[in-house]
Amino acid sequence: MSVYLVVFVVLSYFVWIKCIYNRHRRTLVKSLKNVLDVSPGRELDSADIRALIVTAHPDDECMFFAPTIIRLVELNASVHLLCLSEGNYYHQGAQRKQELLNSCAVLGIPGSRVTIVDHKKLPDDPKTEWSVSLVSSVIVKHIRAHSFNMVLTFDGRGVSGHANHIAIHKAVSHLGSSGQVPNDCCLLSLVTVGLIRKYISFLELPLSWLLPSCLLCTTGSQGYRQAKVSLEIDTWLAETGRWLLLESAHVFLAPLNKGMYSICAENARAGTKFGKRDATAEQR
Ligand SMILES: [Zn+2]
């Protein structure tokens, strides 16, 4: 009897996951309209989404942002990537730069929309504290030059805890709180999840569904394959050993397949986590 109960519970859980997955696939456009403040009566045009993903190193785009990139590209959004270092920690910067371009091409971002910063004060090094003002100025120049209306980056815990990731979050927070970001530009951060949630792969989806978030990007099997190919391009991951590559894929790519990738809006409309000032309140 208990065996039947376990089977029933397991099957029910998988059905639940499938239902949530289907629902999120259908409602992504609606969520994006909310995030971008598009009026309910108007259709969301692909030209409405001009997204900038800000990362610290080559491989961040495939390890952390692949589901987001893939889903936005599927909607024909204009997706750009700004990577703030060449990933030169092991003196492989030139190679990793090319790998980043290749990885982005797999994910659907052409090289013309990828900007890689090579600045001596922004080394790929967890022990070096990046200057918030320097990072802020690089990002805001890019936002203004391309009129982005959506900026996506790490949250305050950096997703993997890397100091360079956290520095980007601080910089974007600073831009938001100092009112330097255009009012039509929303700031989104990728939610850091705990170790167990990372490791349970797509089984995590109900948890992400139950917990509050503004946008939940899920990829299908095609998206999962894209993400996996982009991850395998990275030399550093390959050189750390196949087991780690598989582990990394499991940690970061499994959620793309049938699982989740949760992004929480932290702009003025949704709250003040990113510290963006409420322009309306200021005008009063
Ligand atoms: Zn990184």
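**Stop one: α3 against α10**

Start by selecting helix α3 (residues 66–74) together with α10: their axes come within 10 Å and cross at roughly 125°. The two helices are therefore oblique to each other, since an angle counts as roughly perpendicular only from 65 to 115 and as roughly antiparallel only over 145 degrees. The crossing of α3 and α10 is right-handed. Show side chains for Ala66, Pro67 and Ile70 on α3, then for Gly223, Gln226, Ala227 and Ser230 on α10, and you have the contact. By class, the residues of this α3–α10 contact are 4 nonpolar and 3 polar, with no charged ones.

Please bear in mind throughout that this is a predicted model.

**Stop two: α4 on α10**

On the α4 side, pick Ser103, Val106 and Leu107, which meet Gln226, Val229 and Ser230 of α10. The contact of α4 with α10 divides into 3 nonpolar and 3 polar residues, and no charged ones.

**Stop three: α5 and α7**

Now select residues 132–146, helix α5, and residues 163–177, helix α7: they pack at about 70° with axes 8 Å apart. That makes α5 roughly perpendicular to α7, and their crossing is right-handed. Colour Val132, Val135, Ser136, Ile139 and Val140 in α5, which meet Ala167, Ile168, Lys170, Ala171, Val172, His174 and Leu175 in α7. The tally for this α5–α7 contact is 9 nonpolar, 2 polar and 1 charged.

While you are in α5, click on Ser137, which lies in this helix.

**Stop four: two loop residues**

Next, go to Asp37, in the loop between α1 (2–36) and β1 (50–55). Its phi is near 60°, a positive value in a residue other than glycine. Asp37 counts as exposed because it has 12 C-beta neighbours inside 10 Å.

Then jump to His91, in the loop between β2 (78–83) and α4. His91 also has a positive phi, near 55°, and is not a glycine. With 8 C-beta neighbours inside 10 Å, His91 counts as exposed.

**Stop five: residues 6–23**

Select residues 6–23, which UniProt lists as "transmembrane region" in an unreviewed entry. In the model, this span is 100% helix and 0% strand, and its end C-alpha atoms lie 26 Å apart.

**Last stop: the whole chain**

Zoom out and colour by secondary structure. How many helices and strands does the protein chain have? There are 13 helices and 7 strands. Of its 284 residues, 44% count as buried. Among contacts between residues at least 6 apart in sequence, 78% join residues at least 24 apart.

Definitions and conventions. Residues numbered from 1 in each chain as written. Predicted model: local features only at pLDDT ≥ 70, side-chain atom pairs only at ≥ 80, totals over all residues. Axes fitted to C-alpha atoms, helices over the stretch in contact; angles between N-to-C directions. Helix = DSSP H or I, 4+ residues; strand = E, 2+ residues; numbered from the N terminus. Parallel < 35°, antiparallel > 145°, perpendicular 65-115°, else oblique. Left-handed = near helix turned anticlockwise from the far one by under 90°. Contact = placed C-beta atoms within 7 Å. Nonpolar A, V, L, I, M, F, W, Y, C, P; charged D, E, K, R; others polar. UniProt positions renumbered as here; feature names shortened; annotations may be inferred. Buried ≥ 20, exposed ≤ 12 C-beta atoms within 10 Å, placed from the backbone.
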